[in-house]
Structures are given as C-alpha cells and as structure tokens.
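Open your viewer and get the selection tool ready. We will go through a few stops together, one selection at a time.

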Amino acid sequence: MRARNIQGKDGEKGALEYYKEAIELSPDFAPAYRALGDLYALAQKFQDAKDNYSKYLQLSKGNISAKRRYAAFMYKTKDYGGAIKQLEELMPVDTSYNINNRLAAYSYFETKVYDKGLVSIEKFFARQPENKLIASDFAYYGKLLSANGKDSIAVDKLKAAIERDT
C-alpha cells in the first residue's frame, strides 16, 4: 500500500494545513493532535503519527483508546521498548483489548525478552478467535516457542504461519 498524499492539490488547502492551522490557533486543543496523528497514520507516516499522539496523550490525560493507538504507532516505528512501556501501563486497566497481548508479544520478541513474549502470545491465542489469527501471529508464536527451547511445538506454529501467508 502506498503512502497517501495528505496535502491539497493545485494550491488548495489539504487536511494537513487545516489541522496545523487549528493547532496554531489553539495549541492546547487535544483533538487536533489526535486527528493529525490519524491523518499521518493514513499516510503511513508513523513517526509523525506517534509524535502527534504523544502530544494528544499529554493533553487528554491518558485516554485509553489513544494509548492503544500510541502503542501501535510505537511498534510500527520499531520503538519496541517504548511500545512495551506503554503496554505495561495500559494492560492492567485495559484487560478486554486482546490486541495489546499481540503487540506485547511481538515487541517482547523484538527486544529479546522471550519469556514474557511467550506469556503474552499464549494469552493472545487463548482469547483470539481462530478466524481472527493472522500469519504473523503464528510466526511470532513459533519464534517465541523456539527461543524458549520448545522447538518441536515451534515447528507446528511456523508451518501454520506458512500455510496462512498469502
């Protein structure tokens, strides 16, 4: 998927300019930073999205939904340590959102904290419907099993990842 153009065409103002203008007029208006973060995410400019969500979180006093998105932006920008920190704060108060376990497992693997990653991926699989699992879920599960010395089970998960990979 290509990054989308978020600027206007032929001299017209685009959404980006309007949001920046709104922030200039009212720098403490939190929803403008959230919207700008979402806009950058649509354009696949995840670092800019993360920066704007960070500002939104500061101004909105820790909105749960915003914290989820911020953790996802941190993962997408390969700030795995930051994602883990955000998720460890979020998960005790946001127990129903299972995607937190997915992001935690992936991030723990990337930071070589394999034991916690395995716990997170097992929680994720226990609560995620089979039809909502994706190839990378099985791949990370397999890699985490292998990293924890469970190679025979890891092979099954890695085979499942290959079968689901389109």
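Here is the tour, beginning with a note on the model and its numbering.

You are looking at a predicted model, in which local features need pLDDT of at least 70, side-chain atom pairs count only at pLDDT 80 or more, and totals for chains, interfaces and linings use all residues. Residues are numbered from 1 along each chain as its sequence is written, and side-chain values use heavy atoms, with hydrogens and water left out.

**Stop 1: a pair of helices**

Select α1 (residues 15–25) together with α2; helices here are DSSP runs of H or I with at least four residues, numbered from the N terminus. Their axes come within 10 Å and cross at roughly 155°; each axis is a line fitted to C-alpha atoms over the stretch in contact, and angles run from 0 to 180 degrees between N-to-C directions. α1 and α2 are therefore roughly antiparallel, a label for angles over 145 degrees. Now show side chains: Ala15, Leu16, Tyr19, Lys20 and Ile23 of α1 meet Ala32, Tyr33, Ala35, Leu36, Leu39 and Tyr40 of α2.

**Stop 2: helix α4**

Next, select residues 64–76, which make up α4. This helix has 13 residues and reaches 19 Å from its first C-alpha to its last, close to the 18 Å expected at 1.5 Å a residue (the expected span is 1.5 Å times one less than the number of residues). Just after α4, look for lysine 78, whose phi is positive at about 65°.

Which α4 residues are buried? Colour Ala66, Tyr70, Ala71, Phe73, Met74 and Tyr75; buried means under 20% relative accessible area with a 1.4 Å probe, protein chains only. These buried residues pack against α2 (30–42), α3 (46–60), α5 (80–90), α6 (99–110) and α8 (135–147).

**Stop 3: serine 120**

Move to α7 (residues 114–127) and pick serine 120. Serine 120 is buried, at 6% relative accessible area. Beyond its neighbours within four places in sequence, serine 120 is in contact with Asn101, Ala104, Ala105 and Tyr108, where contact means heavy atoms within 4.5 Å.

**Stop 4: arginine 164**

Finish in α9 (residues 151–164) at arginine 164. With a relative accessible area of 30%, arginine 164 is partly exposed, the class between buried and exposed (over 50%). Leaving aside neighbours within four places in sequence, arginine 164 is in contact with Glu130, Leu133, Ala135 and Phe138.

Terms used: Helix = DSSP H or I, 4+ residues; strand = E, 2+ residues; numbered from the N terminus. Parallel < 35°, antiparallel > 145°, perpendicular 65-115°, else oblique.
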